[in-house]
Amino acid sequence: MVFSGDGGSARSFAIILIVHLAVIVLWQVLVDAFQVPKFILPSPLATIKTLASPNYAWLSNLAVTAAEILGGFCLGALVGVMLAVMFTWSPLISLLLLPLFVTLNMIPKVALGPLFIVWFSYGIFPNILIAFSICFFPILLTTARGLSEVEPDLLDLVKSLRGSRWTLFRKIQLPGALPYVFSGMKVGAILAVAGAIVGEFIASERGLGYLMIQVQSSLDTPAMVMAVVLLTLLGVALYGLVLGLERMFVVRDIRLQ
C-alpha cells in the first residue's frame, strides 16, 4: 500500500514501527515460553542488558565501524559518480575501463581482505577500502545509466540552441540522472555495511565485527546479537540519510522505487 502526503508518511511510519515492536515482543514471549537457552537465542531484554557492561566498549567499537561504513560509502559515491560522468562524456574511456571494472567487481571481496592487510596493515583504512570496493560499483552503473538515458528531443533542443557540453550536463543530464544516482546510493548504503564487517572479520583490532569475533569463543550470544542490532541501526541510519537527501533533490513522481 502506498500513502501520499505528510499524513500518509506518518501513518506508514507508525505501521512500520508497530510491526517492528510486535516482532520484538513476539521474540521475547517465545524465548520465555520455550525457555530457550541464552547461548542459543537470548531474549531482547538479555540483549539490551549487555549495553550496561563496560567490557564491550560499545561506544568506541560503534564509532569505529560507523567511520568505516560512512568512509567507504562516501568514497564509493564520489568515485562512482565521477567515473559515470567520465564514461558518459568519453565513450572511448568507457570502452577501455568499464569492462575492467566489471571484471574487478567479480573478485570476491573476502579474497581481497588479506591483500589489503598486507598492503595497508591493520586499522580503519583497509576496512574503508573494502567497504568502498563493494558499494561503489552499483552506484557507478546506475549513475551511468541515468546519464545516458536522455530524451533525444532535449538533446536536439540544446544542440539547436548551441548549448555546450557543460550546459547539457548541468541542465539536462544531471537532473535526469538524480533518481538513478540515489537508487544506486541506496544499494551502496546496504553494501557498505557488509563491506566494513567483512574487513573487520578478516583482520581488525576494533569495531563491532572485531567484538563479535572476540565474544564468539565464549558463546556470549547476547553480545553478538547486540552487535548485529547496532550494525542494523547503522545501516538504517545511512539508508535514511540517503532517503532524506533524495527527498530534498528529487521530485516524488520521478523517484525510482
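Helices (H or I, at least four residues) and strands (E, at least two) are DSSP runs, numbered from the N terminus. Gln35 sits in the loop between two such helices, α1 (5-33) and α2 (44-49). This is a predicted model, where local features need pLDDT of at least 70, side-chain atom pairs count only at pLDDT 80 or more, and totals for chains, interfaces and linings use all residues. Residues are numbered from 1 along each chain as its sequence is written, and side-chain values use heavy atoms, with hydrogens and water left out.

Start with the whole chain. It has 10 helices and zero strands. From the N terminus, the order reads α-α-α-α-α-α-α-α-α-α. Of its 257 residues, 39% are buried. Buried means under 20% relative accessible area, exposed means over 50%, and partly exposed lies in between (1.4 Å probe, protein chains only).

Now return to the loops. Gln35 has a positive phi of about 50°, although it is not a glycine. Its relative accessible area is 69%, so Gln35 is exposed. Leu219 is another non-glycine residue with a positive phi, about 55°. Leu219 lies in the loop between α9 (208-216) and α10. Leu219 is exposed because its relative accessible area is 52%.

Next come two packed helices. Helix α3 (residues 58-89) and helix α10 (residues 221-249) meet at an angle of about 40°, with their axes 11 Å apart. Axes are lines fitted to C-alpha atoms, for helices over the stretch in contact, and angles run from 0 to 180 degrees between N-to-C directions. Angles under 35 degrees count as roughly parallel, over 145 as roughly antiparallel, 65 to 115 as roughly perpendicular and the rest as oblique. Therefore α3 and α10 are oblique to each other. Their crossing is right-handed, a label used when the near helix is turned clockwise from the far one by less than a right angle, with anticlockwise giving left-handed.

Stay with α10 for a moment. Gly235 is found in this helix. Its relative accessible area is 17%, so Gly235 is buried. Gly235 and Ile69 are 166 residues apart in sequence, yet their C-alpha atoms are 8.5 Å apart in space.

What ties α10 to α8? A salt bridge joins the side chains of Lys186 and Glu246 (3.3 Å, N to O). Lys186 lies in α8 and Glu246 in α10, so this pair ties together parts that are 60 residues apart in sequence. Both Lys186 and Glu246 are buried. A salt bridge here is a side-chain nitrogen of Lys or Arg within 4 Å of a carboxyl oxygen of Asp or Glu. The structure holds two of them. Glu149 and Arg145 also meet in a salt bridge (3.0 Å, N to O). Glu149 is partly exposed because its relative accessibility is 43%.

At 40% relative accessibility, Gly176 is partly exposed.

Finish on the surface. Leu115, Val118, Trp119, Phe120 and Phe125 form a nonpolar patch there, with about 540 Å² of accessible area together. Patches are made of residues with over 30% relative accessible area and no salt bridge: like charges are joined within 9 Å, nonpolar side chains (Val, Leu, Ile, Met, Phe, Trp, Tyr) within 5 Å. Accessible areas come from the Shrake-Rupley method with a 1.4 Å probe, and for residues only the protein chains shown count as cover. Helix α5 (residues 109-120) gives the largest share of the patch, four residues. Trp119 is in this helix. Trp119 is exposed, with a relative accessible area of 55%.
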